[in-house]
Amino acid sequence: TRATIATMDTLVEGIHFLSADPLDTVGRKLIRVNVSDILAKGASPTEALLSIAWPKARNEEDFQSLIAGLKQDFEHFEIALIGGDLVAIDGPMTLTLTMTGACLGEGPVRRSSGQSGHALWLSGQVGWGGIGLEAAKAGGDAHAANRYRVPEISNVKISKLVAEKATASLDVSDGLFLDAVRLADASQCGVRLDLEYVPLAKPTSDLDEILTQCSAGDDYQVLLAAAAGEDVPGFTKFGELTESPGLSLHFRGQPVNAPSILGFEH
C-alpha cells in the first residue's frame, strides 16, 4: 500500500482573501492551496475534511456560491469530501481544509534531502499572487485578479515527476526567495538563484520589479531540487543549492543584494 500524507490550510477573510472576492473563487483557492502541498510531496490528493466558520451576516446566496466553487474543484481534482463541520459566527469567515494524499514513491519527498550542487527547478511562474492581489484591490486587470483568486497550480500529473526526479521539494506559497531559503536551510545548504532565469508573471529586466515578484507570495508552484545533470520536463531551472550558507542572488552574472523582506511570514 502507498504511504499516506496529510496537510491542512486555513483561509481567513481579510487576511487570505478579500471580503469582496467572489466566494466560488474562495472555495477553489482553499482546495488549491492544499492540493499544491500534496503535489509538492510527490503524492496525489485523495480525501478531505472541511470546516466552515460562517459569518451570520452572510446570506444563503453567498453560501451556495462558496459550495459551488468547492464542488467544482473537488470534482476537478477527483477528491472525496468525507466529512467536516459547520458553525455560525459573528467574526470573519474562516475556512479550514484537511487533505490526504497517496505517495507515488516510497514516501513523501521532504524539503530536507537536497545536497550541495543539486539544481533548483520551478513548475511555473511566480508573481501572479502579488500582482493579482493589487489588481483585485484596485478593480484593475481582471485576468491578474483571477490568477490571485484562483491560483493556477500544477497539474496532478506533476506529482509523478516530483516522486521520480526530486531530491527535495516544497510548494512556493510565501514567496520564492523565502521558500527557497527554507528548502536550503532544511537541507543544511545555501542557495544561489540566477534571477534572469526565474519565470515571472510579468517578465522584466527591472531589478526592483523582479525582486518584488519573487518575494510577493501566494503563487503555489512546486520548487524542487534535482541531482546535477537531471532534466525535469515542464520545469524551469534557475539556481542551485550551495555549500556556503545563506541566499546568494545574481542577475546576468552580477551579484544582487537580497531584499530586506524575502516573503510573506505569518
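Arginine 252 sits in the loop between strand S10 (247-251) and strand S11 (254-256); strands (E, at least two residues) and helices (H or I, at least four) are DSSP runs, numbered from the N terminus. The model is a predicted one, in which local features need pLDDT of at least 70, side-chain atom pairs count only at pLDDT 80 or more, and totals for chains, interfaces and linings use all residues. Residues are numbered from 1 along each chain as its sequence is written, and side-chain values use heavy atoms, with hydrogens and water left out.

Most residues other than glycine have a negative phi. Arginine 252 has a positive phi, near 50°. Aspartate 218 also has a positive phi, near 65°, and lies in the loop between helix H7 (207-215) and strand S8 (221-226).

Now to the helices. Two packed helices are described by the angle between their axes and the distance between the axes. Here axes are lines fitted to C-alpha atoms, for helices over the stretch in contact, and angles run from 0 to 180 degrees between N-to-C directions.

| Helix pair | Angle | Axis distance |
|---|---|---|
| H1 (residues 23-40) and H2 (residues 60-76) | roughly 40° | within 7 Å |
| H3 (residues 128-138) and H4 (residues 142-149) | about 120° | 7 Å |

H3 and H4 are therefore oblique to each other, a word for angles that are not under 35 degrees (roughly parallel), over 145 (roughly antiparallel) or 65 to 115 (roughly perpendicular). Their crossing is left-handed, meaning that the near helix is turned anticlockwise from the far one by less than a right angle; clockwise is right-handed. The contact (heavy atoms within 4.5 Å) includes Trp128 and Gly129 of H3 and Arg147 of H4. Its residues divide into 8 nonpolar, 3 polar and 2 charged, where Ala, Val, Leu, Ile, Met, Phe, Trp, Tyr, Cys and Pro count as nonpolar, Asp, Glu, Lys and Arg as charged, and the others, Gly among them, as polar.

H1 and H2 cross in a right-handed way. Among the residues that meet are Leu23, Val26 and Leu30 in H1, with Leu66, Leu70 and Phe74 in H2. This contact has 7 nonpolar, 5 polar and 5 charged residues.

On a 1 Å grid over the protein atoms alone, a cavity is a set of points where a 1.4 Å probe fits but cannot get out, and a pocket is an open set with protein on both sides within 12 Å along at least five of seven lines; lining residues have an atom within 4 Å of a point. There is 1 cavity of 30 Å³ or more. The largest cavity has a volume of about 50 Å³, volume being the space filled by probe spheres set on the points, which are joined across faces, edges and corners. Its lining includes Trp128, Gly129, Arg147 and Asp218.
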